[in-house]
Amino acid sequence: MSAKSPPELLAPAGSLEKCRIAFLYGADAVYLGGKAFSLRAYARNLHDEELAAAVFLAHRSNRKVYVAVNVFARDSDLDRLPPFLEYLEGIRVDGLIVSDPGVLVLARRHAPGTPVHLSTQANTMNSMSARFWQEQGIRRVNLARELTFQEIAEIRLRTSLELEMFVHGAMCVSYSGRCLLSAFLSGRSANRGLCSQPCRWSYRLVEEHRPGQYLPIHEDDSGTFIFNSKDLCLIDELGDLTAMGIDAFKIEGRMKGALYLASVVRAYRQALDTCRTAPEIRGAGASRRLDLDRVSHRPYSKGLLFGDSAGPDGNIHATADYEQTHTLAGLVRLDPRDAGADEFDAPLMSGRVCVEVRSRLVPGMDLDFLFPDGTTETLRLSDFEDLGGNRLECAHPNTRIRIPVHFPTFPLQVIRTSLGTQSRSHEK
């Protein structure tokens, strides 16, 4: 990637369906994992045929697929890795994401034609380390989240390889995501993709000689939260980071759902496009901020980008609760009568459209249909029917219904609804 190329927007894809949604809402590339060797073992992940399908889908629309092989390998993994790496090269993935030097050696040996990217797990925090990895054959480095704006700028000035950084999503409390806490407390190693997320549990502090007496640190009715970090959100800094020469902006969240994916990707897509076409405009804009606020999240912060300017408590989340005002109502689907059509390439539809229900729906609810260009169409749900044509008074998750829509829509369009609307409709 040349220095003058627009930065890449890199989105998470925990499944083939999420891969499609990420592309529909504006991602330039996705990162995903196979059934092994990825640090998100509890994501659905993709089997070999789905990996090939993801690459085909990406390449026909001039997008890219990077496969995470970022496990910290043990000797028992080394014999199983070469066939997988050879398969990934055979289906022409656009890059491998690695953390472990041994995996890097195997990647260069068994997938020599595939670019290799270095995961944030490798904790790259200075230009000399970046140049070291470049000499080992790394094309792109995902920088450690601990770095400040000035430190990133220094690395950019002193290195020529591609630089990538996380700009949105959850942050682990441990060093660049490397964590032993899960292995100690639950026997599930975070460095093997099995993290039980103990940093999200609630804790109470008890002094040895005062059993039963809880000492407050940051406390609410649910307990004390020593570890919980705020979520990262750097959408307002995209202009400065783009001007600095960052090559790729990465969104966290392979375990997150379709509403998070569509909302965050389209917000950052619109913000990046504004950086290119109207760089004088600063900030995310109200509609983009609404998208980010209407997904389940912890309070947002700028992480450590500006050092200690936020103060000692600036990045600590003092409650366990996520902030959530909206939920995923459903996804638009091709009607079964259109069997054989490709959802990704299907034309716009209107009239009675098929919806796969993800939350309980009743008449009177407001449904927001999210469009890739940043616009949202709101529909007051009046009546709907099952696929047999029978009118319904309630639709339950994991069912499919037809609803009348007066504007064009498309397959895999994400639909959200307010949790307040759900409650009011339920009361009726």
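In which loop is the place of Asn62? Asn62 is found in the loop between H2 and strand S3 (64-68), where helices (H or I, at least four residues) and strands (E, at least two) are DSSP runs numbered from the N terminus. The model is predicted, so local features need pLDDT of at least 70 and side-chain atom pairs count only at pLDDT 80 or more, while totals for chains, interfaces and linings use all residues. Residues are numbered from 1 along each chain as its sequence is written, and side-chain values use heavy atoms, with hydrogens and water left out.

Asn62 has a phi near 60 degrees, a positive value in a residue other than glycine. Asn62 is exposed, with a relative accessible area of 71%; exposed means over 50%, buried under 20% and partly exposed in between (1.4 Å probe, protein chains only). A positive phi, near 75 degrees, is also present in Leu412, a residue other than glycine. Leu412 lies in the loop between S21 and strand S22 (414-418) and counts as buried at 1% relative accessibility.

Aromatic pairs were examined next. The whole structure contains seven such pairs, the rings of Phe, Tyr and Trp (its six-membered ring) being paired if their centres lie within 6.5 Å, with planes under 30 degrees apart counted as stacked, over 60 as edge-to-face and the rest as tilted. Phe37 and Phe84 form a tilted pair, 5.7 Å centre to centre with 40 degrees between the planes. Because Phe37 lies in the loop between strand S2 (29-33) and helix H2 (48-60) and Phe84 in helix H4 (residues 81-90), the pair ties together parts that are 47 residues apart in sequence. Phe37 is buried at a relative accessible area of 9%, and Phe84 is buried at 11%.

The ring centres of Phe371 and Phe407 are 6.2 Å apart and their planes stand at 65 degrees, so this pair is edge-to-face. Phe371 belongs to the loop between strand S17 (366-370) and strand S18 (376-380), and Phe407 to strand S21 (residues 400-409), 36 residues apart. Both are buried, Phe371 with a relative accessible area of 14% and Phe407 with 5%. Ring pairs join Phe371 and Phe407 with Tyr25, Phe369 and Phe410 in a cluster.
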